[in-house]
Amino acid sequence: DQNAVSTYKKNIGSHIICDDIRNIELANLPDADVVVGGFPCQGFSLANRFRMLDDERNQLYRFFYNVIKKKKPKFFIAENVKGILSLGKGEAIKQIISDFEKAGYYTELHLVNMANYGVPETRQRVIIIGQRKAYGKKMKFRFPEPTHDKEAKNGLKKWVSIKQAIDRFPDPDKPNSVLNHEYSQYKVEYRNYTAHRPTNPDKPSPTILARGNGGGGVCAIPHYNGKRRLTVRESAAIQTFPDDFEFIGSRGSCYRQIGNAVPVKFAKRLGEELIRIEKEEAL
């Protein structure tokens, strides 16, 4: 995805490579303490339980698995959609965990609602944490504890609402200097379908999407005013990107990049835990 690569280069660094991952030689990858990734799951089915590494649709899973097996990082983090838990009546995720265990890793599975970590979005994702068994006799990674709760119970903060997250932005129909502050002209029509339901300003946003409604385009969440869709910038704020993080590409591409992302605020928590382990090991 050239646009995603351009966005990465603009905001993070030029070390990213835009190529088909099948063209990358594992031997040319640098050794690393941590490998992070995600993979599509179309090929994970009950019928394929014992053939998952051979299924052509699982090429990215196979590549991720081979990187882990051959490069032997101390840790890996994999992210996927909630639906992976029910594929093949649960057999697919069992096989995935089994694969990583056989590759020499303690493996933990976590179903996360991002709203519980201060993200203004009820986004549910599966996070798989792996630690190389040779690195310790038990799992050192402590999965981050939630900081927020729907009802603010047990001393936790209340979920952050979409209104709290995006109210600071000016009207996109008036002159402004906010990056990527433009929105899809796809008409807001309410019906009981993803991205077509009313948005409650006092609750977290529904999941920011990377896909559309079957027509090929990305379907942005309706603004809670009911008059338009969220802008690219507002969608990014809900995914907790910094306001100065600039997305490159067409409006649809920018929406898609944001919808494919892991919320920055949550990702940071995972990174902080890795830093904690590194510092403790250095003592």
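**Entry 1: a pocket**

I began with the second largest pocket and listed its lining: Thr122, Lys150, Glu151, Lys158, Trp159, Pro198, Thr199, Asn200, Asp202, Lys203, Pro204 and Pro206. The model I am working from is predicted. I then sorted the lining residues of this pocket by type. Five are charged, four are nonpolar and three are polar. How much space lies in the second largest pocket? I noted about 230 Å³.

Next I looked up strand S2, which covers residues 75-81. Is S2 mostly covered or mostly uncovered? I found six of its seven residues buried, so S2 is mostly covered.

I checked the pairing on each partner in turn. Strand S1, residues 34-38, runs parallel to S2, and the two share five bridges. Strand S4, residues 124-132, pairs with S2 in the antiparallel sense, over seven bridges.

I followed one residue across both pairings. Phe75 of S2 has Val34 opposite. Phe75 also stands opposite Gln131 in S4.

**Entry 2: salt bridges**

How many salt bridges does a search of the whole structure find? I got 15. I looked up three of them, with the exposure of each partner.

Arg22 has 55% relative accessibility, so I logged Arg22 as exposed. Asp20 has 30%, so Asp20 went down as partly exposed.

I turned to Glu189 and Arg191. Their closest N and O atoms are 3.9 Å apart, and I logged the pair as a salt bridge because the cut-off is within 4 Å. Glu189 is partly exposed, with a relative accessible area of 42%. Arg191, at 38% relative accessibility, also counts as partly exposed.

Then I checked Arg228 and Glu234. This salt bridge has its closest N and O atoms 3.0 Å apart. Are the two partners buried or exposed? Buried means under 20% relative accessible area. Arg228 has 9%, so I marked Arg228 as buried. Glu234 has 1%, so Glu234 is buried too.

I also looked for shared partners.

**Entry 3: recap**

From the strands, I keep S2, paired parallel with S1 and antiparallel with S4. From the salt bridges, I keep Arg228 with Glu234, where Arg228 is buried and Glu234 is buried.

Key
Residues are numbered from 1 along each chain as its sequence is written. This is a predicted model: local features need pLDDT of at least 70, side-chain atom pairs count only at pLDDT 80 or more; totals for chains, interfaces and linings use all residues. Side-chain values use heavy atoms; hydrogens and water are left out. Buried means under 20% relative accessible area, exposed over 50%, partly exposed in between (1.4 Å probe, protein chains only). Helices (H or I, at least four residues) and strands (E, at least two) are DSSP runs, numbered from the N terminus. Two strands pair if DSSP finds at least two bridges between them. On a 1 Å grid over the protein atoms alone, a cavity is a set of points where a 1.4 Å probe fits but cannot get out, and a pocket is an open set with protein on both sides within 12 Å along at least five of seven lines; lining residues have an atom within 4 Å of a point. Grid points are joined across faces, edges and corners, and a volume is the space filled by probe spheres set on the points. Ala, Val, Leu, Ile, Met, Phe, Trp, Tyr, Cys and Pro count as nonpolar, Asp, Glu, Lys and Arg as charged, and the others, Gly among them, as polar. A salt bridge is a side-chain nitrogen of Lys or Arg within 4 Å of a carboxyl oxygen of Asp or Glu.
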